[in-house]
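Try each task before reading its solution.

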Amino acid sequence: MTSREEALLTVRDLRVRFPLKAASLFAPKRYLYAVDGVSFSIARGQTLAIVGESGSGKTTTALAVARLIDAYAGSVNLQELDVLGLDREALRAARRRFQFIFQDPYSSLNPRLRAADIVAEPLPPMAADARQRIVDDLFEAVGLRPEQQRLFPHQFSGGQRQRIGIARAMAPQPDLIICDEPVSALDVAVQAQVLNLLRDLQSGRGLTYLFISHDLGVVQHMCDQIAVMYLGKIVEYADRLSLFQNPLHPYTRALLSAVPRVDPTVRGGDRRLLLQGDPPDPANPPRGCRFAARCPVAETRCHQEPPALRTLRNKQQVACHLVTEDAVSPLG
Amino acid sequence: MAEVKLDAPAVEAASGPLREVARMFLKNHAAVGALAVLLLIVAAAVIGPPLYSDDPYEMVWAPFSPPGADGFLLGTDYLGRDILAGLFYGARVSLAIGLSAALMSVGIGVTIGASAGFYRGWVEEVLMRFTEFFQVLPTLLFSMVIVALFGASLQVVTIAIGVVSWTAVARITRAEFLRIRELEYVMASRASGAGNLKLITAVILPNALPPIIVQAALMVGSAILFEAGLSFLGLSDPNVMSWGQIIGSNRPYILDASFTVTIPGMAIFVTVLAISLVGDGLNDALNPKLRQR
């Protein structure tokens with residue numbers, strides 16, 4: 001996608017695993033591979049969306065990128081900074097370069113702090129008046145009134161709380177803002193407001209987003225590139241237009257089918273693809289393609305060898321044996 | 001059902017959590033009454049001795065003078081000592097031991113519970129097994145052993161009570177930490193560069209405090225009871241007048257002069273009841289689920 005020179009964030013072959021409870025003390029240690037070799041990059045001022053269903057590893061990926069959980073392999077580079085190689089002190093200093101906007105506006109704000117103090121929390125130590133100026137500016141930027149700075153979180157609505165969360169994330173002028181399902185806990189009307197705010201802030205301040213969502217409908221309005229994750233792996237990685245106009249992977253098709261449309265006659269030109277069953281147990285992934293068991297077009301080969309993520313002639317990346325080099329999906 | 005306040009101003013005053021707690025507490029009449037009684041007892045403990053008598057051990061009159069007779073409001077005990085003077089002095093001791101023992105067990109309990117709940121893993125395993133070890137010890141027996149080993153001074157009695165009663169605080173603190181550490185605002189603080197110590201003391205602990213405060217309040221009451229029990233058994237400092245000691249020393253005469261035992265008993269009962277009611281009121285005021293009603 002983005003060439004390496006202009007990339008702000010480059011993630012290569014990121015792997016995160018969690019130890020499983022051993023059956024006995026002497027049984028070999030088993031792991032759940034939540035993120036299993038994920039690579040992507042984001043250019044400054046752009047948005048990469050990671051989409052996928054619950055358990056696909058998208059949030060784990062985001063947390064590992066900011067080193068809020070530890071990856072056991074791979075690399076994360078924020079410009080020249082090797083994030084996974086930082087020691088404790090260097091990591092704490094680098095923390096302000098990544099900020100988070102969380103999913104749940106009710107648990108993401110400390111109930112004992114006033115709104116102004118929440119927003120100022122990620123700021124480095126500085127004089128009180130300089131700090132106040134920054135907080136004033138941020139409150140205005142996210143559309144909150146100055147007198148609301150003295151209120152406590154419980155005195156705000158969900159949408160307002162999310163605005164506070166956005167202001168907090170912008171406070172230390174981070175290189176990257178990771179939005180972890182920032183609107184999925186909000187009413188639809190409020191969702192649109194918050195998404196518009198995020199977009200306006202991006203164009204006004206040149207913010208870079210890593211946007212995590214399970215909802216392609218939300219992502220459609222937000223991102224430049226999309227990575228679709230399934231069970232810890234990226235199955236399709238493309239820029240927004242290609243992905244929405246020509247979704248290649250059967251799983252991407254299924255996700256797109258799940259986006260509700262206002263006009264029932266328009267369904268992207270294809271019939272709806274509804275998935276049966278649940279994703280396989282990530283502690284015990286299948287040998288071949290991880291999606292094969294639910295895939296409507298899976299062949300014998302799909303069950304036996306895992307497809308690698310390959311780049312097609314039109315630069316779209318997909319991990320499916322059945323997609324041709326000319327970007328023709330097996331579903332037609 | 002929650003009332004919808006239509007005439008509420010668009011921006012309500014920035015009432016802090018503390019003021020809201022005070023407002024909720026004041027709504028609970030039993031707790032407010034109990035708090036008044038408690039303040040009265042504290043006042044009696046502070047100003048009683050200098051105003052009334054400076055020596056509760058002084059034999060001032062004939063033994064077993066009933067309450068009200070001969071100018072002694074609560075009568076005299078088996079050595080002719082003024083019981084009211086004993087109560088005033090005993091209040092000091094009981095409250096002091098209750099408070100410092102509770103403070104001590106909160107100190108131990110919060111430290112252990114917070115470490116276990118925050119760090120998880122083997123730290124939690126070790127600390128919680130340690131806590132369970134203390135939980136299964138018979139508390140009265142264990143504190144009697146401590147007092148027997150180290151002598152019956154006020155400090156030793158306080159430590160003995162503190163050492164046997166911190167386990168509940170540790171468990172409560174750990175449970176709160178386990179819950180709160182997973183909340184997103186903790187992760188937000190971590191993403192802002194907060195270290196572990198700051199997360200524990202400045203972010204999680206303030207939010208874990210409400211149930212700990214309630215437990216601490218209730219523990220003051222149980223520590224007073226505990227001290228009374230120890231001194232009733234003759235295991236407290238004999239040179240310091242406490243309520244339990246008055247009961248213990250007058251025990252042989254319980255049938256002949258029951259007032260010598262029941263009056264200090266009432267003092268313990270009223271104090272512990274008041275503390276429990278205040279603790280209950282605090283619990284309701286600090287519990288956000290009840291707060292919605």
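**Exercise 1. Work out how many residues of chain A and chain B are in contact, and how much area the two chains bury.**

Step 1: Keep in mind that this is a predicted model. Counting contacts gives 28 residues on chain A against 25 on chain B.

Step 2: Now go for area. The size of an interface is often quoted as the accessible area lost when the parts come together. Here chain A and chain B bury about 2,200 Å² between them, and 55% of that is on carbon and sulfur atoms.

Step 3: See who contributes on chain A's side. Phe102(A), Arg112(A) and Glu121(A) supply 24% of the area that chain A buries against chain B, more than any other three residues.

**Exercise 2. Find out how many salt bridges and how many residue pairs in polar contact there are between chain A and chain B.**

Step 1: Look for salt bridges between the two chains: the count is 0.

Step 2: Turn to polar contacts. Across the interface, 8 residue pairs qualify, both partners having pLDDT 80 or more.

Step 3: α2 (88–94) and β6 (98–101) of chain A each bring at least two residues to the side that touches chain B. The largest share, 3 residues, comes from β6(A).

**Exercise 3. Decide whether Thr173(B) and Met266(B) are buried, partly exposed or exposed.**

Step 1: Locate Thr173(B), which sits in helix α7 (residues 167–180) of chain B. Its relative accessible area is 0%. Buried means under 20%, so Thr173(B) counts as buried.

Step 2: Check what surrounds Thr173(B). Leaving out residues up to four places away in sequence, Thr173(B) touches Gly109(B), Val110(B), Gly113(B), Ala114(B) and Ile212(B).

Step 3: Move to Met266(B), in helix α11 of chain B. Its relative accessible area is 48%, so Met266(B) is partly exposed.

Step 4: Together with Val37(B), Phe269(B), Val270(B), Leu273(B) and Leu277(B), Met266(B) forms a nonpolar surface patch with about 480 Å² of accessible area. Helix α11 (residues 259–286) of chain B gives the largest share of that patch, 5 residues.

**Exercise 4. Find how many residues of helix α1 of chain A are buried.**

Step 1: Take residues 58–65 of chain A; 7 of the 8 are buried, making the helix mostly covered.

Step 2: Name some of them: the buried ones include Lys58(A), Leu63(A) and Val65(A).

Step 3: Read on past the helix end. Just after α1(A), Arg67(A) has a positive phi of about 55°.

How values were computed. Residues are numbered from 1 along each chain as its sequence is written. Chains are lettered from A and ligands numbered from 1 in the order in which they are written. This is a predicted model: local features need pLDDT of at least 70, side-chain atom pairs count only at pLDDT 80 or more; totals for chains, interfaces and linings use all residues. Side-chain values use heavy atoms; hydrogens and water are left out. Buried means under 20% relative accessible area, exposed over 50%, partly exposed in between (1.4 Å probe, protein chains only). Helices (H or I, at least four residues) and strands (E, at least two) are DSSP runs, numbered from the N terminus. Patches are made of residues with over 30% relative accessible area and no salt bridge: like charges are joined within 9 Å, nonpolar side chains (Val, Leu, Ile, Met, Phe, Trp, Tyr) within 5 Å. Accessible areas come from the Shrake-Rupley method with a 1.4 Å probe; for residues, only the protein chains shown count as cover. A salt bridge is a side-chain nitrogen of Lys or Arg within 4 Å of a carboxyl oxygen of Asp or Glu. Contact means heavy atoms within 4.5 Å. Buried area is the accessible area (1.4 Å probe) that two parts lose on being put together, summed over both. A polar contact is a pair of N or O atoms within 3.5 Å; within protein, one must be able to donate a hydrogen and the other to accept it, and residues adjacent in sequence count only if both atoms are side-chain atoms.
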